[in-house]
Amino acid sequence: MEYLEMDITEPLFIDEDSFNFIIDKGCLDCVACSSENQGEGGEAEPTKIEKMITNIYKTLTPGGTYICISRGAPETRLIYLSNNSLNWTIETLKVQKRAPTLKNTGVQSSDIEAFDRIDTEPYIYVYICDKKY
């Protein structure tokens, strides 16, 4: 297995239609929440998140699947994933978060309480995007 490090928001050095399956656990969230997720040349320029989604779509084979595990609710993610230039179907799953277990973790309950005040979303979302043939 070969690992490559690249910026998913920049042109990729990977052939189109290269992957049958792409899994993303938090990358879309990081790019979506980045202060750099702005077009540099005005409204017409795609944002970094749009470039990321386009690169993922290009590298997926027809019939391939992109699975995105995200903390972002559908109203904040589907605006990008549902772009008309992307010929794929999207299924959204909503998974209830479980309460953290502190036993033998070294994490203090006050740390969890502070995080809970910031993270009020009770769900994790899974977006399953199947590229059409």
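Glu-91 counts as partly exposed, because its relative accessibility is 44%, which falls between the limits of 20% for buried and 50% for exposed. Glu-91 sits in strand 3, residues 88-96. The model is predicted. Its chain holds four helices and four strands.

**Around Glu-91**

- Glu-91 touches Val-126, Tyr-127 and Ile-128, leaving aside residues up to four places away in sequence.
- The C-alpha atoms of Glu-91 and Ile-67 are separated by 9.7 Å. Along the chain, these two are 24 residues apart.

**The overall fold**

- Starting at the N terminus, the elements run β-α-α-β-α-β-α-β.
- The chain has 133 residues, and 29% of them count as buried.

**The largest nonpolar core**

- This core has 18 residues. Leu-28, Met-52, Ile-53, Tyr-66, Leu-81 and Trp-88 touch the most other members.
- Helix 1 (27-33), helix 2, strand 2 (60-70) and strand 4 (123-131) each give two or more residues to this core.
- Helix 2 supplies the largest share, five residues.
- Trp-88 has contacts beyond its sequence neighbours up to four places away. Its partners are Ile-53, Tyr-57, Leu-60, Tyr-66, Leu-81, Cys-129, Asp-130, Lys-131 and Lys-132.

**The largest pocket**

- About 500 Å³ of space lies in the largest pocket.
- The lining has 18 residues. Closest to the centre of the pocket are Leu-4, Ile-8, Ile-14, Phe-19 and Ile-22.
- Two elements give two or more residues to the lining: strand 1 (19-25) and helix 2 (48-59).
- Strand 1 gives the largest share, four residues.
- By type, the lining residues divide into 14 nonpolar, one polar and three charged.

- Asn-55 is found in helix 2. Asn-55 counts as buried because its relative accessibility is 11%, and the cut-off is under 20%.
- A polar atom of the Asn-55 side chain lies 2.6 Å from the backbone oxygen of Ile-8.
- Asn-55 touches Ile-8, Thr-9, Glu-10 and Leu-12, again without residues up to four places away in sequence.
- Ser-70 is part of strand 2. With 1% relative accessibility, Ser-70 counts as buried.
- A polar atom of the Ser-70 side chain lies 2.8 Å from the backbone nitrogen of Gly-72.
- Ser-70 touches Asp-29, Arg-77, Ile-124, Tyr-125 and Tyr-127, not counting residues up to four places away in sequence. Tyr-127 is also one of the residues that Glu-91 touches.

- Val-31 is found in helix 1. Val-31 is buried because its relative accessible area is 12%, and under 20% counts as buried.
- Val-31 and Lys-48 are 17 residues apart along the chain. Their C-alpha atoms are separated by 6.9 Å.
- Arg-71 is found in the loop between strand 2 and helix 3 (74-81).
- Is Arg-71 buried or partly exposed? Arg-71 counts as partly exposed, at 38% relative accessibility.
- The C-alpha atoms of Arg-71 and Lys-25 are separated by 9.4 Å. Along the chain, 46 residues set them apart.

- Which residue has a positive phi although it is not a glycine? Asp-17 does, with a phi of about 60°.
- Most residues other than glycine have a negative phi.
- Asp-17 has its place in the segment before strand 1.
- Asp-17 is partly exposed, because its relative accessible area is 39% and so lies between 20% and 50%.

Note on methods: Residues are numbered from 1 along each chain as its sequence is written. This is a predicted model: local features need pLDDT of at least 70, side-chain atom pairs count only at pLDDT 80 or more; totals for chains, interfaces and linings use all residues. Side-chain values use heavy atoms; hydrogens and water are left out. On a 1 Å grid over the protein atoms alone, a cavity is a set of points where a 1.4 Å probe fits but cannot get out, and a pocket is an open set with protein on both sides within 12 Å along at least five of seven lines; lining residues have an atom within 4 Å of a point. Grid points are joined across faces, edges and corners, and a volume is the space filled by probe spheres set on the points. Ala, Val, Leu, Ile, Met, Phe, Trp, Tyr, Cys and Pro count as nonpolar, Asp, Glu, Lys and Arg as charged, and the others, Gly among them, as polar. A nonpolar core is a set of buried Ala, Val, Leu, Ile, Met, Phe, Trp, Tyr and Cys residues joined through side-chain atoms within 4.5 Å. Buried means under 20% relative accessible area, exposed over 50%, partly exposed in between (1.4 Å probe, protein chains only). Contact means heavy atoms within 4.5 Å. A polar contact is a pair of N or O atoms within 3.5 Å; within protein, one must be able to donate a hydrogen and the other to accept it, and residues adjacent in sequence count only if both atoms are side-chain atoms.
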